[in-house]
Every structure is written in structure tokens, then in C-alpha cells.
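Reader: I have a structure open and I'd like to learn how to read it. Could you walk me through it, starting with the aromatic rings?

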Amino acid sequence: MKDYNLKIGAHVSMNSKNKYLLGAVEETIKYGANSFMIYTGAPQNTMRKPIEDMYVQEALELIKENNLTMENCIIHAPYIINLGNTIKPTTFNFGVDFLKKEIKRADAIGAPYIVLHPGASVGQPKEDALNQIIKGLNLVLSKDQKVKIALETMAGKGSEVCTNFADLKYVIDNIELKELVGVCWDTCHMHDASYDFENNLDSIIEEFENLLGLDKLFCMHINDSKNVLGAGKDRHENIGYGHVGFNSLIKIIYHPKLDGIIKILETPYISIDDKTSVPPYKEEIAMIKNKEFVDNFKDYKEVIKG
């Protein structure tokens, strides 16, 4: 695997306490990562700082000094966007307007991808939700933008749509500027939506390749799952502690057909005590990089806890 182009990183913080993008890059370096994912603000609201207040230039200088690149940075759109909503025009219009602003922020920062949860049907037929997502993306996308949208594979919690490749193909095939839209795999979501990585990894990759083409797989979220296959619940677990499993995740990360695709950890923080929890990303990334030397992968939680 000497020549494998591993792009591995984690979801890192970007807020006023850590000087926004500058702090996100510093955290990335601390983890030994070469990729990272950020929210441009809190995922639960629309409050956003002006780009000029986000320490972008300082971050770009630090990136250059450490032989990193903004081409490996992903922005995650906030959860409050639901382009699949057909029953509340205000919710749909809000999602369209806010996503347009996120695209401008991403282009200003220089991130190549925005990961977007496609949406939920909120009790209406799935086909209506898929068509509404198409409508929303057609309103959002512009020939002038540089950033591309990566629709995330969903677990099927509640009335989420796009839990399978066929739904994602339908959406992308019917978008006007389809060259600007692809997919982000989330391994926890896919496992919870019945994609069996342990037994069918090659078949899963082949299905995606045949339906959409691997050029449409823009990035990946690498997460274990607290739930059994097909649970439809979406609860992330630390690498090697869940039902996807360490070996399956390593096979995904290092699969030859997935070489060079940005892979981002979104695994849970580890509780030290009732008041303190810490990120596991430095240890998880080290473990992934040294997979052939890891026998007792669960020890890393004990190392973190001290």
C-alpha cells in the first residue's frame, strides 16, 4: 500500500475561540491529518461570521507551511436545510437561500465540496421529496460556482430519503448542472441502511460504479455504527467498536478503487469523566495509518482516557 494516496482527516472545530479557519487547520495538524471538514457556523442555526473575520489568509499560510491543501477541505452544510420538504414552502425556500450563501462562503474559502443531507419527505411520498430536492438544487446551482455539492447517503431515520444509490442517481440524473453534484458515502449511514460492508464491499462499490460512476464519489465519512445492519437509526461509533467493525472500515479506507478520495472521521468524542470528553481523532488516524501493526485496536480508548 506504499503508493496509496490516503487522504484522511476529521471534523474539526471552527469558531471564535479557535480563530475560525486558522484554528481548524491547527487542529488538523495536531491530529496528523491531511484532510479536514468544517461547518462555517453552528449546524443548528444560520448565524455566520463574515468571511473576512474567519482568519482565512492566516489559515492558508499555515496550510502552505505544512504541505497541506484546501483541496482536501470539506464544508458540511447545516442540518436545518431540508430541500425535500414539499409541505412548508418557507422551509424549502429557507434551505435554497441558505445553501446559496454557503456556496459563496465555500468558494471564498476555497473548499471544493459542500456535503449536504439531501432531505426528508416529512410524511409525503418519497418521489415527491426527491423531485423537490431536484427543484431545490436547480434553484441553487450556478455555472459560476467552483464548489460542488456532495449528497450524503442517509440511514433512513425518520422520513429521510436518499438511503440508496438508486435515489441518488435519480436526483443527479435530473439536475440541470449535474456536473456540480455527486455523493458523499457515510459508512455508518450506509450500514444502518442495510449496505453490508463486511460481506459485500466489492459488490457495493461495483453497484455505485455501474449506477453513478466512481467519479461521482466526491468524499466519504468514515464512521462505525452503534446499531446492527439495517437498523435505520444513524448513531456513530468509534472505529472498531461498532457493528461495521475495524476490518471492514480498513478495507473501505484502503480499497484500491477508493484511492485518493477524501475520508473524514465523524466518530464520537470519548468521555473522560462526567464533565469531560475529548476527540479520538489523533489516535484513530494513527491507527488507520498503521493498520498492519494494530492487534488490540480497542486499547486506544484507554490511552486517550489516560
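Author: Rings of Phe, Tyr and Trp (its six-membered ring) pair if their centres lie within 6.5 Å; planes under 30 degrees apart count as stacked, over 60 as edge-to-face and the rest as tilted. This is a predicted model, where local features need pLDDT of at least 70 and side-chain atom pairs count only at pLDDT 80 or more, while totals for chains, interfaces and linings use all residues. Residues are numbered from 1 along each chain as its sequence is written, and side-chain values use heavy atoms, leaving out hydrogens and water.

Reader: How many aromatic pairs does that rule give?

Author: The count is eleven. Take Tyr4 and Tyr254: the ring centres are 5.3 Å apart and the planes sit at 50°, so this pair is tilted. Tyr4 is in the segment before β1 and Tyr254 is in the loop between α8 (246-253) and β10, 250 residues apart. Helices (H or I, at least four residues) and strands (E, at least two) are DSSP runs, numbered from the N terminus.

Reader: Is Tyr4 buried or exposed?

Author: Buried means under 20% relative accessible area, exposed over 50%, partly exposed in between (1.4 Å probe, protein chains only). Tyr4, at 12%, counts as buried, and Tyr254 is buried too, at 8%. Now look at Tyr269 and Tyr281, an edge-to-face pair with 6.2 Å between centres and 80° between planes. Tyr269 lies in the loop between β10 and β11 (270-271) and Tyr281 in helix α9, so the pair ties together parts twelve residues apart in sequence. Here Tyr269 is partly exposed at 37%, whereas Tyr281 is buried at 3%.

Reader: Which residues form an aromatic cluster?

Author: Phe165, Trp185, Tyr195, Phe197 and Phe208 form one.

Reader: On to cysteines. How many disulfides are there?

Author: A disulfide is a pair of cysteine sulfur atoms within 2.5 Å, and this structure holds zero.
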